[in-house]
Amino acid sequence: MTYLGRIFFLATLLVVLVQQSESVCGYESCPATKANMVNIHLVPHSHNDVGWLKTVDQSYYGYKNKIHHAGVQYILDNVVAQLLQDSKRRFIQVETAFFARWWNDQLEAMKMVVRKLVNEGRFEFTGGAWSMNDEADVNYQGVIDQFTVGLKFLNETFGACARPRVGWQIDTFGHSREQAAIFAHMGYDGQFFSRMDHNDKDTRMNNLTMEMIWDASESMSGVNLFSGMLYNFYSDTPGFCFDILCTDEPIIDGDSEENNVLDRVDDFITYAKNMSEVYITNHIMVPMGGDFQYEDARVNYKNMDKLIKYINERQASGSNYNIFYSTPSCYLNSLHQSMQSWPNKSQDFFPYAHEKNSFWTGFFTSRPTQKRFERDGNHMLQVVKQLSVLANLKSEQHNKYLDNLRHSMGVMQHHDAITGTEKQAVSDDYDRMMYDAIIGASSNARDALRILTDMPNGEFESCLRLNISECAFTKDGVDNVVVTLYNPLAHSSNQYVRIPVTEENYEVTDAKGKTVPSEVVPVANQVLALEYRPNDTQHELVFKATVNKIASYHIKKVEGNPTFRIKKISQRESYNFETVVENSLVKLVTDNQTGRLKSVEMNGVSEKIVQNFGVYKTHTSCAYTFRQDGDIEIFENDFEFTVYEGTLVREVHQRVNDWISQVIRIYEDVNRVEFEWLVGPISIDDNLGSEFVTNFKSQISSKGVFYTDSNGRELMKREKNKREDFVSDLSRQPVSGNFYPVTSRIALQDESKRLVLLNDRSQGGASLEDGALEMLIHRRHLFNDGGGVGEALNETQYGKGLIARGKLYLVLDSVQDGDTVMERKTEKELFLPFWKFFSRASEIGKDTRKTTPAFGDLPQSIHLLTLEPFTENEILLRFENFLDKSEGTVVSFNVREIFDSLGGSAIRETTLDGNMPLDDMTRFKFHAQESGYSPSAVEFSRAQHKSLKADKSDEASQFIVTLYPMQIRTFIIETD
């Protein structure tokens, strides 16, 4: 800022501080429009990725601008200064992660200025979450959490005027129905986005269906969200980018030979005319901004001021164009005021393609190890939040560690983080950030468990490399080790626990001293061969644990022969043509010649199921897109395999080739088959990229229909080669164009049988043949398609291609007698299993354990979605009925006992994000064209149920909670 600029800013600041005015915000602050004109809502904005080409810190501080010019702190400095110069100017801020950092750097005088701008609706928060989250790879829990964090900061900092009313998902690579439902449950009036399949967009522009009512739930009636597609992406109008990052012509007025006002205004009006012809009302929204723009906001606003001035001057000569500064919420308000009716949308916007050879389905799987690490981060976050409440942790350091993990996980939901579409250096920084946050939060868990267990001096260490059977705490042995298990779920759970150990004999006992059956199984040879894995432990101790909330198991070495011995069976050890591995619930048959799975029998159903591994070779796939050059290449070679049979677990260790292996497991009393795959390093010797898949082929007659989850919630019906509202051009990419995001589950069925795969991280999935499910599990590429990230997706580790390990789970069931409720319960157990904490057994201290709330008394379909500290004396609590309308019914239960056990003095219900009383929620009501209804006045909707509000003096009958299928209800408990 120049010297004169600083003087002007200080003078303006002085005026602001002494000026007394009655500010209005929200819809009341929207500019006036004109009924008989095309109203052009000009929306200044800057799209600031929370990491992409540069790290979060680099993007904020304006560091390493040779990579990409981005300095968010300077953008906010300059925008605020420019808003002060003209009360008509507007700006929207989206990513709270950046704004919160900037806010904390400001002096109180600047904070007063920004509060005034917010209270007058001139600086408006849109979206408002910690980051602009992806919609394909995220789980709904992570999305809700990061909105809670962002909106809480805005509410505590500014109050109601800062609460966003509109979602702004302008850069996500497709859009999920569950995201729309989340917006609706938070009380948002609508959302806008700018990425849509090119065929879909062309169809909508022709049919005037660019804006619609999205029916966001099949199970809950009335859950809908107005959703609008931007005309020309989210960047500036073509030719009218006035930012210093652009080279478009400025508006030159005055007495100059270069005066271009006439041409500039003509060009813009022509653009506005074309745009207005594809929307229903006389209002259009024109975003003015782009990636990291407005670092010199003076240039942007000066030219927009001129554009507004000269377009509106033409009204005196008969022009019917009226242009003004606005915001997405003000635009939506105008649409609501129009009382138009709108088309409907019921499915989602996946997959996204910007042209017929570019389906953005690769990012469903890109960076598979980071996608899994994000799950670990969320897992730890839920555990630590719950433990913090149960142990009443309130110190400044505890809050700092917990907030750091909350913020890190908020960043990881960003549409260039969990998607794997960032530069490698940024990916490394995300990993560092998550690791540091997990380590910090784990100290909170330790402190809480020292309070909640009878081990006041326990180490309670976590092991983050258990996926490769490595744990520093057990590398020297597990004699006299206590494994404390924490169950984040509401209900008691039985799960198998695996601990890396040396090959010795062990005894496992529970808290009552009762011996628990256990056995020692070998770690797969391919895992032992990992160059970076210490091989102190080459076996795993397996036992079954039962945990309500917290349970500890004692492990000690014992002399003599082990109680349970694993039996090893080598491939083709007998003259049989097949090898049968079975327990009381599941039977697997492996072909002795090929080494492949041949059939599965469970739940009274038997089906021929063959698993293959294969690869699509490609010259032109990238981090975003999956572009196959030809058909899948199946690895036809015979697999080597060895069987290990125990009483608790039976395993088939398969070797496919030098870089692919797998362990197939069945556990006693567990009704699913586990496939733990190991893939990599993927070779690039042929200078080609690889899309690595596994598929399961059955004889189920699915007729091209299959189902995938929407962010871990409701299932979406998919049909090969078909879309809901348009015809997709699949001529170039018939495979890629049929892949969909799978966050937790993919399934197919016919009239009698149902085949389901569950996964441990987000991946791309498809059904390309009847009865077959295919999962994209690893990728490596050499091509940079210029889509933005600027480098190929070529992950390496220790000088070689990245090795990834993960799990799929198979369930075969009868459709007639099938229990999809068990699929839902399995989803929860796989997403939030027991967290393992390790301590050396020492003298047990005096039992001063606090009692934990009786969540286990909740109905079986009720999930404890959230239990966390909210403020100094408040707890945030969410309950979810996780069954859909075909699986469950309305459920009621009383929370008085939980309320009392948490020390509650009062309870109130809020919107989904926890930051607005439910009674205060009022949403725009839009009507569908198919309803035939025409309102005579604008209408609004409120919550469909009476909100719960009570205090400890009220009768228990005032604490009843009723949940419809798929419903989530959110509460704040005030504590004494």
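A disulfide is a pair of cysteine sulfur atoms within 2.5 Å. Keep that in mind for these exercises on a predicted model.

**Exercise 1.** Find how many disulfides the structure holds, and give their pattern along the chain.

*Solution.* Start with the count: there are four disulfides in the structure. Next, number the bonded cysteines along the chain; the pairing then reads 1-3, 2-6, 4-5, 7-8.

**Exercise 2.** Which parts of the chain does the disulfide of Cys25 and Cys161 link, and what is its handedness?

*Solution.* First, look at the bond: Cys25 and Cys161 are joined with an S to S distance of 2.0 Å. Then place the partners: Cys25 sits in the loop between α1 (3-18) and β1 (38-47), while Cys161 sits in the loop between α6 (140-158) and β4 (166-169). These distant parts of the chain are 136 residues apart. Finally, the torsion about the S-S bond is about -75°, so this disulfide is left-handed.

**Exercise 3.** Work out whether Cys241 and Cys246 are buried or partly exposed, and find the handedness of their disulfide.

*Solution.* Begin with the bond, which has an S to S distance of 1.8 Å. Now recall the cut-off: buried means under 20% relative accessible area. Cys241 has 7% relative accessibility, so Cys241 counts as buried. Cys246 has 25%, so Cys246 counts as partly exposed. Last, the torsion about their S-S bond is about 55°, so the disulfide is right-handed.

Note on methods: Residues are numbered from 1 along each chain as its sequence is written. This is a predicted model: local features need pLDDT of at least 70, side-chain atom pairs count only at pLDDT 80 or more; totals for chains, interfaces and linings use all residues. Side-chain values use heavy atoms; hydrogens and water are left out. Helices (H or I, at least four residues) and strands (E, at least two) are DSSP runs, numbered from the N terminus. Buried means under 20% relative accessible area, exposed over 50%, partly exposed in between (1.4 Å probe, protein chains only).
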